[in-house]
Every structure is written in C-alpha cells, then in structure tokens.
Amino acid sequence: MQRPSTRQSPAADKIAKQHMQWIKERGICAGCGVDCGYGNVIVHHCVGSAYKIHVGLERVLIGHAFVLGLCQSCDDIITHGTHQAFKDLYGDYADIWAVQYQQSPVKFGELIVRGILMCGK
C-alpha cells in the first residue's frame, strides 16, 4: 500500500523503494528463513515508516529503510501476537535487519545504517 507523502510521514525515497523491491523479489523470510517465492513476502516496517532516530547530533529518518521481508506466519506473530513474541523467537529486529542487509545490493548512507543498528539498543 502506498500512502501519500505528508510532512510527518514522507514517502519512501528511491533507495528505500529499491530496497523494498529487492526484499519482495528475494522472497525469503528474514525471520524463519523460509523461501516464500518471488513477491510472496510482506515488507514489514519494524518501527513505522516515519520513525526518526538521533545519530550524533542529526535526526535521521530510518522508517522506510528499517524493513524486513516476512512470510505470512512470521508477520502473523507480530500482527496477532506481539513484537516481543517475534523477538523472543528470532531475536532483535536490528540484528535480523543487518543479516538481511548484508545480502542486499542496495546500500543506504552510513547515518541510516548506524541509526538502524542503534535502534532498540
């Protein structure tokens, strides 16, 4: 679903869109590792699309970059259960994201990556 850009919730930039497209094309769940097939993963925003975090003195928008590709079962753990239930099974979002990101051909700026890795720590 594509929402219109607002001041509080800007649309994804080109790099974030490419990263999300790669996640869909990859088709592998970042949680359980199941191969869901081309386009059959759900792009899950870990902290919301408009989330910003302080990295040093800068406030960095990481919401659209901090996404995981999840199968329906793993997404249901979050949707019908809790974020904590997912983390108890598979670990911290930032750690899972880092493993997924290592395989990605799309690269974000250093501040965005640092912000994501700091998130929740």
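Colleague: Where is Gln-100 found?
Modeller: Gln-100 is found in helix α4. The model is a predicted one.

Colleague: Which residues is Gln-100 in contact with, leaving aside neighbours within four places in sequence?
Modeller: Gln-100 is in contact with His-19, Trp-22, Ile-23, Arg-26, Ala-30, Val-67, Leu-68 and Gly-69.

Colleague: What makes the orientation of α1 and α4 parallel or perpendicular?
Modeller: The axes of α1 (residues 14-26) and α4 (residues 93-103) cross at roughly 85° and come within 11 Å. Angles of 65 to 115 degrees count as roughly perpendicular, and therefore α1 and α4 are described that way.

Colleague: Which residues make the contact?
Modeller: From α1 there are His-19, Trp-22, Ile-23 and Arg-26, and from α4 there are Trp-97, Gln-100, Tyr-101 and Gln-103. By type, the residues of this contact divide into four nonpolar, three polar and one charged.

Colleague: Which way do the residues of strand β4 point?
Modeller: In β4 (residues 67-70), Val-67 and Gly-69 point one way, Leu-68 and Leu-70 point the other way, and all are buried.

Colleague: How do you know that β1 and β4 pair?
Modeller: Pairing needs at least two bridges. Four bridges join β1 (residues 42-45) to β4, and the two strands run antiparallel. Within this pair, Val-43 stands opposite Gly-69.

Colleague: What makes β2 and β3 a pair?
Modeller: The cut-off is again at least two bridges, and four bridges join β2 (residues 52-55) to β3 (residues 58-61), also antiparallel. His-54 stands opposite Arg-59 in β3. The hairpin has two residues between the strands, and Gly-56 takes a positive phi near 65°.

Colleague: How many salt bridges does the structure hold?
Modeller: The structure holds one.

Colleague: Why is the meeting of the Arg-114 and Glu-110 side chains called a salt bridge?
Modeller: The N to O distance between the side chains of Arg-114 and Glu-110 is 3.5 Å. The cut-off is within 4 Å, so the pair qualifies.

Colleague: Why are Arg-114 and Glu-110 separated by about one helical turn?
Modeller: Because Arg-114 and Glu-110 are four residues apart in helix α5 (residues 110-118).

Key:
Residues are numbered from 1 along each chain as its sequence is written. This is a predicted model: local features need pLDDT of at least 70, side-chain atom pairs count only at pLDDT 80 or more; totals for chains, interfaces and linings use all residues. Side-chain values use heavy atoms; hydrogens and water are left out. Axes are lines fitted to C-alpha atoms, for helices over the stretch in contact, and angles run from 0 to 180 degrees between N-to-C directions. Angles under 35 degrees count as roughly parallel, over 145 as roughly antiparallel, 65 to 115 as roughly perpendicular and the rest as oblique. Contact means heavy atoms within 4.5 Å. Ala, Val, Leu, Ile, Met, Phe, Trp, Tyr, Cys and Pro count as nonpolar, Asp, Glu, Lys and Arg as charged, and the others, Gly among them, as polar. Buried means under 20% relative accessible area, exposed over 50%, partly exposed in between (1.4 Å probe, protein chains only).
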